[in-house]
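The entries follow in the order in which I made them.

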Amino acid sequence: MILPLFRRGTRPDTISALYGTIVTQARLPCFYQDYSVPDTVNGRFDVIVLHLTLVLDRLAADPALRHFGQALFDLFCADMDHNLREMGVGDLAVPKKMRAFGEAFYGRAAAYREALAGEKAQALVLALQRNVYGGIDAGAAPARLAAYMRRAAGDLAVQDSAALRAGNLRFPDPAAVEMPSLTET
(Lines give C-alpha, C1' and ligand atoms only; values in the text may rest on other atoms or scores of the structure.)
Protein backbone atom coordinates (compact mmCIF):
# COMPACT_ATOMS: atom_id res chain seq x y z
CA MET A 1 0.00 0.00 0.00
CA ILE A 2 2.87 2.41 0.68
CA LEU A 3 4.68 1.73 -2.61
CA PRO A 4 2.43 4.00 -4.71
CA LEU A 5 3.59 6.94 -2.60
CA PHE A 6 7.07 6.57 -4.03
CA ARG A 7 6.13 6.44 -7.71
CA ARG A 8 6.59 9.21 -10.27
CA GLY A 9 8.42 11.60 -7.98
CA THR A 10 5.63 11.79 -5.41
CA ARG A 11 7.11 12.37 -1.98
CA PRO A 12 5.37 10.80 1.01
CA ASP A 13 6.05 13.87 3.16
CA THR A 14 4.28 16.09 0.59
CA ILE A 15 1.26 13.81 0.48
CA SER A 16 1.19 13.60 4.28
CA ALA A 17 1.38 17.39 4.53
CA LEU A 18 -1.48 17.86 2.04
CA TYR A 19 -3.64 15.27 3.77
CA GLY A 20 -2.76 16.63 7.20
CA THR A 21 -3.92 20.09 6.13
CA ILE A 22 -7.19 18.64 4.80
CA VAL A 23 -7.87 16.79 8.06
CA THR A 24 -6.87 19.78 10.20
CA GLN A 25 -9.25 22.03 8.26
CA ALA A 26 -12.05 19.47 8.50
CA ARG A 27 -11.64 19.31 12.28
CA LEU A 28 -12.15 23.03 12.83
CA PRO A 29 -14.91 23.48 15.42
CA CYS A 30 -16.52 26.15 13.26
CA PHE A 31 -17.94 23.53 10.90
CA TYR A 32 -19.72 21.77 13.75
CA GLN A 33 -20.74 24.85 15.71
CA ASP A 34 -21.45 27.57 13.15
CA TYR A 35 -22.23 25.42 10.09
CA SER A 36 -24.27 22.88 12.08
CA VAL A 37 -22.49 19.88 10.57
CA PRO A 38 -23.33 16.93 12.81
CA ASP A 39 -20.34 16.27 15.11
CA THR A 40 -20.43 12.54 14.39
CA VAL A 41 -18.24 10.06 12.56
CA ASN A 42 -20.37 10.60 9.45
CA GLY A 43 -20.31 14.38 9.79
CA ARG A 44 -16.54 14.45 10.12
CA PHE A 45 -16.19 12.06 7.18
CA ASP A 46 -18.35 14.38 5.08
CA VAL A 47 -16.23 17.45 5.88
CA ILE A 48 -13.04 15.55 5.01
CA VAL A 49 -14.59 14.35 1.74
CA LEU A 50 -15.69 17.88 0.89
CA HIS A 51 -12.13 19.21 1.30
CA LEU A 52 -10.48 16.19 -0.31
CA THR A 53 -12.69 16.56 -3.38
CA LEU A 54 -11.70 20.20 -3.77
CA VAL A 55 -7.99 19.41 -3.44
CA LEU A 56 -8.15 16.44 -5.82
CA ASP A 57 -9.86 18.65 -8.39
CA ARG A 58 -7.15 21.30 -8.00
CA LEU A 59 -4.41 18.70 -8.43
CA ALA A 60 -6.14 17.22 -11.48
CA ALA A 61 -6.33 20.67 -13.10
CA ASP A 62 -2.53 20.95 -13.24
CA PRO A 63 -0.66 18.35 -15.34
CA ALA A 64 2.41 18.74 -13.11
CA LEU A 65 0.36 17.84 -10.02
CA ARG A 66 -1.95 15.11 -11.30
CA HIS A 67 0.19 12.28 -9.99
CA PHE A 68 -0.25 13.59 -6.44
CA GLY A 69 -3.99 12.93 -6.62
CA GLN A 70 -3.80 9.14 -6.54
CA ALA A 71 -1.26 9.14 -3.70
CA LEU A 72 -3.46 11.53 -1.74
CA PHE A 73 -6.53 9.36 -2.30
CA ASP A 74 -4.55 6.26 -1.29
CA LEU A 75 -3.56 7.95 1.98
CA PHE A 76 -7.20 8.89 2.60
CA CYS A 77 -8.19 5.23 2.13
CA ALA A 78 -5.40 4.03 4.42
CA ASP A 79 -6.53 6.54 7.04
CA MET A 80 -10.16 5.40 6.79
CA ASP A 81 -9.03 1.76 7.11
CA HIS A 82 -6.92 2.64 10.17
CA ASN A 83 -9.78 4.57 11.77
CA LEU A 84 -12.19 1.68 11.26
CA ARG A 85 -9.79 -0.73 12.94
CA GLU A 86 -9.16 1.76 15.75
CA MET A 87 -12.93 1.97 16.34
CA GLY A 88 -12.99 -1.80 16.75
CA VAL A 89 -14.36 -2.89 13.39
CA GLY A 90 -13.28 -6.50 12.83
CA ASP A 91 -10.96 -7.59 10.04
CA LEU A 92 -13.76 -9.34 8.17
CA ALA A 93 -16.02 -6.28 8.21
CA VAL A 94 -13.37 -3.72 7.17
CA PRO A 95 -13.52 -4.46 3.40
CA LYS A 96 -17.30 -4.04 3.37
CA LYS A 97 -17.08 -0.76 5.29
CA MET A 98 -14.28 0.46 3.01
CA ARG A 99 -16.40 -0.32 -0.04
CA ALA A 100 -19.20 1.76 1.51
CA PHE A 101 -16.73 4.60 2.17
CA GLY A 102 -15.56 4.43 -1.44
CA GLU A 103 -19.10 4.55 -2.78
CA ALA A 104 -19.90 7.47 -0.47
CA PHE A 105 -16.77 9.33 -1.54
CA TYR A 106 -17.34 8.88 -5.27
CA GLY A 107 -21.03 9.74 -5.02
CA ARG A 108 -20.41 12.89 -3.03
CA ALA A 109 -17.43 13.95 -5.15
CA ALA A 110 -19.47 13.59 -8.35
CA ALA A 111 -22.38 15.55 -6.89
CA TYR A 112 -20.10 18.36 -5.66
CA ARG A 113 -18.18 18.56 -8.94
CA GLU A 114 -21.36 18.72 -10.99
CA ALA A 115 -22.90 21.33 -8.71
CA LEU A 116 -19.75 23.47 -8.62
CA ALA A 117 -19.49 23.36 -12.42
CA GLY A 118 -23.16 24.20 -12.90
CA GLU A 119 -24.65 27.65 -13.10
CA LYS A 120 -27.31 27.11 -10.44
CA ALA A 121 -25.93 27.82 -6.98
CA GLN A 122 -28.86 25.96 -5.44
CA ALA A 123 -27.58 22.63 -6.84
CA LEU A 124 -24.61 22.69 -4.45
CA VAL A 125 -26.83 23.65 -1.54
CA LEU A 126 -29.11 20.69 -2.30
CA ALA A 127 -26.15 18.29 -2.64
CA LEU A 128 -24.81 19.42 0.74
CA GLN A 129 -28.29 19.24 2.31
CA ARG A 130 -28.59 15.65 1.12
CA ASN A 131 -25.06 14.46 1.92
CA VAL A 132 -23.73 16.43 4.87
CA TYR A 133 -27.02 17.12 6.64
CA GLY A 134 -28.71 13.81 5.83
CA GLY A 135 -31.62 15.48 4.09
CA ILE A 136 -32.93 17.07 7.28
CA ASP A 137 -33.71 20.76 7.46
CA ALA A 138 -30.54 22.50 8.60
CA GLY A 139 -31.82 26.02 7.99
CA ALA A 140 -29.30 28.28 6.30
CA ALA A 141 -26.28 26.08 7.11
CA PRO A 142 -26.13 24.26 3.74
CA ALA A 143 -26.15 27.60 1.87
CA ARG A 144 -23.30 28.89 4.02
CA LEU A 145 -21.35 25.65 3.53
CA ALA A 146 -21.91 25.97 -0.23
CA ALA A 147 -20.53 29.52 -0.10
CA TYR A 148 -17.50 28.21 1.81
CA MET A 149 -16.95 25.47 -0.78
CA ARG A 150 -17.09 27.95 -3.64
CA ARG A 151 -14.62 30.23 -1.91
CA ALA A 152 -12.31 27.30 -1.10
CA ALA A 153 -12.45 26.10 -4.73
CA GLY A 154 -11.60 29.61 -5.92
CA ASP A 155 -8.73 29.94 -3.45
CA LEU A 156 -7.33 26.55 -4.42
CA ALA A 157 -7.50 27.40 -8.11
CA VAL A 158 -5.04 30.28 -7.67
CA GLN A 159 -2.64 28.57 -5.28
CA ASP A 160 0.88 28.22 -6.63
CA SER A 161 1.69 24.80 -8.09
CA ALA A 162 5.18 24.84 -6.60
CA ALA A 163 3.74 25.46 -3.14
CA LEU A 164 1.28 22.59 -3.56
CA ARG A 165 4.10 20.36 -4.81
CA ALA A 166 5.93 21.21 -1.56
CA GLY A 167 2.87 20.27 0.49
CA ASN A 168 1.70 23.81 1.26
CA LEU A 169 -2.06 24.09 1.05
CA ARG A 170 -4.33 26.91 2.23
CA PHE A 171 -8.06 26.97 2.82
CA PRO A 172 -10.16 30.02 3.66
CA ASP A 173 -11.19 30.64 7.24
CA PRO A 174 -14.69 29.16 7.47
CA ALA A 175 -15.61 31.61 10.23
CA ALA A 176 -15.00 34.48 7.79
CA VAL A 177 -17.47 33.16 5.20
CA GLU A 178 -20.70 35.09 5.45
CA MET A 179 -24.12 33.68 4.83
CA PRO A 180 -24.96 34.40 1.17
CA SER A 181 -27.94 36.57 0.43
CA LEU A 182 -31.12 34.81 -0.64
CA THR A 183 -30.66 36.04 -4.21
CA GLU A 184 -27.29 34.23 -4.46
CA THR A 185 -28.76 30.79 -3.69
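Entry 1, contacts. I took a contact to mean heavy atoms within 4.5 Å. The model is predicted, so local features need pLDDT of at least 70 and side-chain atom pairs count only at pLDDT 80 or more, while totals for chains, interfaces and linings use all residues. Residues are numbered from 1 along each chain as its sequence is written, and side-chain values use heavy atoms, with hydrogens and water left out.

I found glutamine 25 in helix H1, residues 12-26; helices (H or I, at least four residues) are DSSP runs numbered from the N terminus. Is glutamine 25 buried or exposed? I noted that glutamine 25 is buried, because its relative accessible area is 11% (buried means under 20%, exposed over 50%, partly exposed in between, with a 1.4 Å probe and protein chains only). Leaving aside residues up to four places away in sequence, glutamine 25 touches Phe31, His51, Tyr148, Phe171, Pro172 and Pro174.

I recorded zero disulfides (a disulfide is a pair of cysteine sulfur atoms within 2.5 Å). Cysteine 30 is buried, at 11% relative accessible area, whereas cysteine 77 counts as partly exposed, at 22%.

Entry 4, salt bridges. I used this rule: a side-chain nitrogen of Lys or Arg lies within 4 Å of a carboxyl oxygen of Asp or Glu. How many salt bridges does the rule give? The count comes to four.
- Aspartate 39 pairs with arginine 44, with the closest N and O atoms 2.7 Å apart; arginine 44 is partly exposed, at 32% relative accessibility.
- Arginine 113 meets aspartate 57 at 2.4 Å, N to O. This pair links distant parts of the chain, for arginine 113 lies in helix H5 (residues 94-117) and aspartate 57 in helix H3, 56 residues apart. Arginine 113 is partly exposed at 34%, and aspartate 57 is partly exposed at 27%.
- Arginine 58 meets aspartate 62 at 3.9 Å, N to O, and both residues are buried.

I noted about 330 Å³ of space in the largest pocket. Of the 14 residues that line the largest pocket, Arg27, Arg44, Ile48, Met80 and Asn83 are the closest to its centre. H1, helix H3 (41-60) and helix H4 (66-86) are the elements that give two or more residues to the lining. A pocket is an open set of points on a 1 Å grid over the protein atoms alone, where a 1.4 Å probe fits, with protein on both sides within 12 Å along at least five of seven lines; lining residues have an atom within 4 Å of a point. Grid points are joined across faces, edges and corners, and the volume is the space filled by probe spheres set on them.
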